[in-house]
Amino acid sequence: LSLLGDLRRAIDDPDQVTLNYQPKVAVDTGALVGVEALARWTHPERGPISPAEFIPVLEVTNLMHRFTERVLTTALRQTRTWLDAGHRVPVAVNVSARSLLDPQFPATVAALLAETGVPGDLLSIEVTEYALMSDPDTAIRALQHLREAGVKASIDDYGTGYSSMTYLKVLPIAELKIDRSFVQDLAHDQSSRALVASTVELGHRLGLTVVAEGVEDEEAAEALREIGCDTAQGYHFARPLTAEALTARLEETL
Ligand code: G
Ligand code: G
Ligand code: MN
Ligand code: NA
């Protein structure tokens, strides 16, 4: 039983690898400000396999590049479909360290934007602190190239990795995404609240947008409003949705 062999065959199969889209909303109005694309793999015999299980397998092989390209292609085609239907939906794609540090990555992104005709400012990438810190010079160069194409970068799971003031100073990023471990108990835990409030202030002072992920209840949403966080994402607002379900929501709010 080889997960990697199965993955190699699954990557280009639209029945096996699909994307869900989880809404990101403005904390003050609840309006949709974008979506995060999340990969889903339905194995023909084993059923659904979580990205938490298969991404680490891909990450140690060059197959990761093909997978990232597949996810970007699917996400940008969907963004194009929404644009054609009159919906401007910024999409965020998770990009692993291996893909971000691939010297071809910025050119691949630029080519996919050109091919789909999606404006670069409708795409952002979510990268972890680990991806940024493992080879900061290469990461900075990649982020600068992407920025020239209008593509913004977000630090995912912020606060759980190698948080360093040095990289906040030098990295061309646009957004901090506070890890859900700090958001889930925000309303009841004074330390979490202090950490989230000071991260929001730090982000704002650096000119960054701050997103809270893992917002699961109204109490956390209310605390984020009091703190002045910009954007929220989590089951309280919406679960990751199929493209069809997200389209239905977009049509509802017209
Ligand atoms: O969607 P879910 O919570 O199961 O995702 C689990 C983990 O997998 C998260 O850390 C998420 O960032 C990651 N993930 C989901 N989709 C992708 C993807 O397309 N590429 C990469 N690199 N990671 C992904
Ligand atoms: O690492 P990353 O932030 O990309 O992970 C996103 C993951 O978080 C996805 O697997 C998604 O399914 C999950 N997720 C999204 N909203 C919530 C939430 O409110 N609570 C929890 N526990 N997980 C969430
Ligand atoms: Mn993410
Ligand atoms: Na995250």
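How many nonpolar, polar and charged residues does the shell around ligand 1 have? I counted six nonpolar, three polar and no charged residues. For classes, Ala, Val, Leu, Ile, Met, Phe, Trp, Tyr, Cys and Pro are nonpolar, Asp, Glu, Lys and Arg are charged, and the others, Gly among them, are polar.

Ground rules. This is a predicted model, where local features need pLDDT of at least 70, side-chain atom pairs count only at pLDDT 80 or more, and totals for chains, interfaces and linings use all residues. Residues are numbered from 1 along each chain as its sequence is written, while chains are lettered from A and ligands numbered from 1 in the order in which they are written.

Ligand 1. I listed Leu38, Ala39, Ser50, Pro51, Ala52, Ile55, Val71, Asn94 and Ser96 around it (C-beta atom, placed from the backbone, within 6 Å). β2 (32-43) and α2 are the elements that give two or more residues to this shell. α2 gives the most, with three. Helices (H or I, at least four residues) and strands (E, at least two) are DSSP runs, numbered from the N terminus.

Helix pair. I then checked α1 (residues 3-10) against α2 (residues 51-59): the angle is about 90° and the axes are 10 Å apart. Axes are lines fitted to C-alpha atoms over the stretch in contact, with angles from 0 to 180 degrees between N-to-C directions. So α1 is roughly perpendicular to α2 (65 to 115 degrees). Leu3, Leu4 and Leu7 in α1 meet Phe54, Val57 and Leu58 in α2 (C-beta atoms, placed from the backbone, within 7 Å). This contact has six nonpolar, no polar and no charged residues.

Ligand 2. I found 14 residues around ligand 2, with Gly214, Glu216, Gly234, Tyr235 and Pro240 coming nearest. The shell around ligand 2 has four nonpolar, four polar and six charged residues.

Technical notes
Angles under 35 degrees count as roughly parallel, over 145 as roughly antiparallel, 65 to 115 as roughly perpendicular and the rest as oblique. Two residues are in contact if their C-beta atoms, placed from the backbone, lie within 7 Å.
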